[in-house]
Amino acid sequence: MSIEVKDVMGRVAIAVLEDASFADIVAAMKRYAVGAVTVVDADRRPVGVVSEDDLLLKEIDTIRHTVSMFESGRQRREHEKAAGVRAAQLMTSPAITVTPGTSVRDAARLMHGKRIKQVPVIDPATGRIVGTLHQRDVLRVFARPAAELEADVRAVLTHPEAFTIRIDQGVVTVAGRVERRSEAVALVEAVRAVEGVVDVVAEVAAGKDDLVVVPPLL
């Protein structure tokens with residue numbers, strides 16, 4: 001069973017309006033103990049995100065009114081943020097979002113690829129923010145009850161009754177026998193893909209090695 005964002009997300013939408021002041025943003029971050037807040041428009045639709053890094057530019061970027069022809073677009077944008085006083089001026093846009101139906105695995109890939117620690121969750125029909133997904137929420141899949149995890153592992157096996165399964169702190173040991181070595185490899189990959197599996201130990205014997213190693217050409 002695929003675990004979706006709605007199963008682990010926070011139901012509090014941590015957001016500020018576009019005209020929120022610098023102080024309002026800092027207060028929201030402190031109140032919810034987060035490193036970023038979503039910026040929403042009047043209809044509660046995410047338009048950007050203000051992170052701690054965005055706010056720190058106010059302190060480290062002292063050259064706010066001098067423009068150089070040799071500046072990159074990124075440097076110019078950082079100067080603009082450093083001079084900003086409202087969320088709309090400070091935010092990074094567009095906002096990266098997920099929906100309640102997004103799989104946790106896909107959300108994790110997105111957060112890792114974009115190097116972000118939280119994303120707003122939006123209603124797919126209205127586009128309005130309905131919650132927030134944090135890295136700690138994603139990591140909750142690795143604290144699943146062993147019985148629940150075993151049920152999902154058995155669900156991906158073609159003949160689950162033919163295997164013995166042991167689970168210890170998310171590490172799944174699968175023991176049994178298959179006809180071909182390729183089946184054992186496919187079995188391990190299927191189990192590894194189950195949300196909440198930390199690692200797989202395969203104690204699976206194969207009657208035939210059908211994985212032929214082709215020698216390199218000389």
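**Two sets of strands, step by step**

Let us start at a turn: two residues separate the strands in the hairpin of E6 and E7, and there Gln169 takes a positive phi near 55°. Helices (H or I, at least four residues) and strands (E, at least two) are DSSP runs, numbered from the N terminus. This is a predicted model, in which local features need pLDDT of at least 70 and side-chain atom pairs count only at pLDDT 80 or more, while totals for chains, interfaces and linings use all residues. Residues are numbered from 1 along each chain as its sequence is written, and side-chain values use heavy atoms, with hydrogens and water left out.

Strand E6 (residues 164-168) pairs with strand E7 (residues 171-180) in the antiparallel sense over five bridges; two strands count as paired if DSSP finds at least two bridges between them. Here Ile165 has Val174 in E7 as its bridge partner. E7 also pairs with strand E8 (residues 199-208), in the parallel sense and over nine bridges. To get from E7 to E8, the chain passes through helix H9 (residues 181-192), a right-handed β-α-β crossover. Right-handed means that, with the strands pointing away from the viewer, the path from the first strand over the helix to the second runs clockwise.

Now look at an open sheet of three strands, ordered E1-E2-E3 with mixed pairing. Strands E1 (15-17) and E3 (46-51) stand at the edges with a single partner strand each, so one side of each is left without a neighbour in the sheet. Strand E2 (residues 36-40) pairs with E3 in the antiparallel sense over five bridges, and Ala36 stands opposite Ser51 in E3.
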